[in-house]
Structures are given as C-alpha cells and as structure tokens.
Amino acid sequence: MKRIHLTLLIIVCLFTACDKLLLNPEFSDNPEDNFEAIWGEFDAKYGLFEIKRIDWDSVYQAYRPTITNRSSDLALYTTITEMMALLNDCHVALLPTSSSSLPMYQSGILGRIDTINDFDLEIVKRHYLSNAQFEDPFFTYGVLSDNIGYIHIEGFSDSPKFLEKPFDKVLSALQNTDAIIIDVRGGYGGEDIAGQYLAGRFTTTAIPYMQTRVKAGPDENDFTAFQQWLVRPEGDFQYNKPIVVLTHRFTISARETFCLAMKVIPNVTFVGDTTAGAFSNQINREMPNGWGYSLSIGQWVDANGISYEGIGLAPNVVVLNQKSDVLSGTDEALEKGIDLLK
C-alpha cells in the first residue's frame, strides 16, 4: 500500500496559496525576542481567536514567564507548540530550521495523525474502477459498478480557466452514468475558487454557501467586510443526477470549502469521516532564529455564519475505513457510497 506521510502533506498545504516567509526586522535572535515575535504576529494577524474563544493575552500571561534569554531551543519549542496546541488549528504549524533536531509540529487533528491509513487511490483504481483514466491536472475518473461514475480530485491548485477543458472531458465521459461519486480523500488543498468552479458543474441554480473575511489590522475586531460566495452553474452543461461525496480526516482547506459548496446542493450525500476543520486562508512567517510557522488569517463560515474551524464537516453517513480493510483491497466508504446510489 502506498503510504502518504503527513509531513509531506503539511508542507504542500503550508506553501500552497500562501505568501512567502517573512522576517520581522525589529526583533533580535534571542529566546525572549523569538517568543515576542511569534506571539505578536499571532496577536495581530490570527483571525480565529473569537471563534475559538481564546484570550490570547491570557495565553501570553501564562507562557511568557517560561522563557528567558537563557532558555534552550527545546524550551522555546515546547512553549510555542503548547500555545499552538490551544488553537486546535490544522493550518497552524511550526517548522524548526533544518539544522535543528526538533521535529515539525502541526496543531489540530492532523497533528495527531502521522499517516493516511484509510484511503489508497490505487486500490480504488485496481479493485473498483473499470477503465480508470487520468486527466491533467488532477482528475482520476472511470465507471464503478451499477453504472456509477467516479471522480477523484487530487487538488484544487489551479484557477477555473485551467479546469474547464479537462473537467469537460471528465464529465462528458461520465454524462451517461446514473450517478457519480466524487472523492476528495487524500490529496492537498489549494484555491477556494477552484472548488467553487468544480462544484458549479453540479448545480443548475445559484446558491449561497460561504462567507469569508480576513484580518485587516492589529485590533481584535479589525477585519475586512465579509465576502459572499455562491455556487452557480458553470460550464456548457451541469451534472444534476444523484451524487455522493467521500471525505475523511485529511480532507482539508480548499477541499473543505469545496465540500461547503457541495453541501448546499440538494442531490448530494456525504459519506466517510469528518473533515479536518481548517478552512481559513493562511500565511507563512519566519521567527528571528529562522524557524518557519504558519497561521490562519481569517474567518471562513458557511452561508448562515456557522464556523466549522477545529470541528470539520460531518458526513451524512459515517463510514470509517480500517487500515486492515484497505490493506486487503477493500474500501468500505466507497462501497457504502455505491450502495446508496444503486
């Protein structure tokens, strides 16, 4: 079985659709300044304190006394990662320099999972799909039993103008199927507009599904106005037969905002596990000592203003694949999706 290591997935997520690492020049490279620099950057730019009900000033009061200019790298790392753990945010991570023996740290549920054990695309292709095909940039597709189409979306990193032709080819090949399973397990995040476009190939009406705003200043209430997102019909034709979307805990970021869009389409059912719960855009920064880190900069909520940060989107039907089943070539979540669409 192919093993997808979490560290690689995190690095891809951290450096997709985010700005480059930046160093704040007003701090020196000593333990106290390193603490002040990272705490201050979160204080000014992190967008989810209110949603997560975290008083960042109280966090400062609790953790600042643990750091002096005699503190070791391990002590600084421990303090920072403990603060990050409080955020329960899969878009928050710490990456010590390569010269350090300290490991990369990620907050949230994905920081407690080291490997994807419940999904393997090769098993789907080998045991379930007839005539599996791949269309650039990231679509694996084919036909399952009972004339059910299947599309696996590996990523959401391209803009809609690059997706229209390849997705036309995929949907044209599957337009005579009786239903479709869309699989967003595995893979990586990307651009919300890519997910918005792809979801638009499955709706015949425009429907609000998401609101977003980003931190615009240092005060706790400094945000831009909310931007309203609609899923609307896209392309020359739309597929509006029954659909199942497969998710799991590694369904993160732009994959989750795609799920928010699909969630408002009436003929869609979700099967699998709850998603990661990391929706907001993120930025990457650098501490004075060269350690990199990432933080969420906004509030991504559904059309009703409900946030799923740190919670994730629960499926309509819960099916938790077991590692032993996947190793033996069985995908229980996929089979459940097929049963629901027969």
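How many bridges pair strand 11 and strand 12, and in which sense? Strand 11 and strand 12 (residues 292-296) are antiparallel and pair over 5 bridges.

## Basis of the model

This is a predicted model: local features need pLDDT of at least 70, side-chain atom pairs count only at pLDDT 80 or more, and totals for chains, interfaces and linings use all residues. Residues are numbered from 1 along each chain as its sequence is written, and side-chain values use heavy atoms, with hydrogens and water left out.

Helices (H or I, at least four residues) and strands (E, at least two) are DSSP runs, numbered from the N terminus. Two strands pair if DSSP finds at least two bridges between them.

## The hairpin

Strand 11 and strand 12 form a hairpin with 5 residues between them. In its turn, Gly290 has a positive phi of about 95 degrees. Ile283 stands opposite Leu295 of strand 12. Strand 11 (residues 282-286) is largely enclosed by the rest of the structure, because 4 of its 5 residues are buried (under 20% relative accessible area, 1.4 Å probe, protein chains only).

An open sheet of 7 strands has the order 3-4-5-6-9-10-14, with mixed pairing. Its edge strands, strand 3 (130-135) and strand 14 (317-318), each pair on one side only. Strand 6 (residues 179-183) and strand 9 (residues 243-247) run parallel and are joined by 4 bridges; Ile182 has Val245 in strand 9 as its bridge partner.

Helix 11 (residues 332-341) packs on the sheet, touching strands that include strand 4 (139-144), strand 5 (148-153) and strand 10 (268-272). The direction of helix 11 makes about 155 degrees with that of strand 6 (axes are lines fitted to C-alpha atoms, for helices over the stretch in contact, and angles run from 0 to 180 degrees between N-to-C directions).

## Helix 8 and helix 9

The axes of helix 8 (residues 192-200) and helix 9 (residues 254-263) come within 8 Å and cross at roughly 30 degrees. Residues of helix 8 that meet helix 9 are Asp192, Gly195, Leu198 and Ala199; their counterparts in helix 9 include Phe258 and Met262 (contact means heavy atoms within 4.5 Å).

## Nonpolar cores

A nonpolar core is a set of buried Ala, Val, Leu, Ile, Met, Phe, Trp, Tyr and Cys residues joined through side-chain atoms within 4.5 Å. The largest has 40 residues, and Ile151, Ile153, Phe202 and Met262 have the most contacts inside it. Helix 9 supplies the largest share of this core, 6 residues. A second, separate core of 29 residues includes Trp56, Ile67, Ile80 and Ile297.

Note on methods:
Buried means under 20% relative accessible area, exposed over 50%, partly exposed in between (1.4 Å probe, protein chains only).
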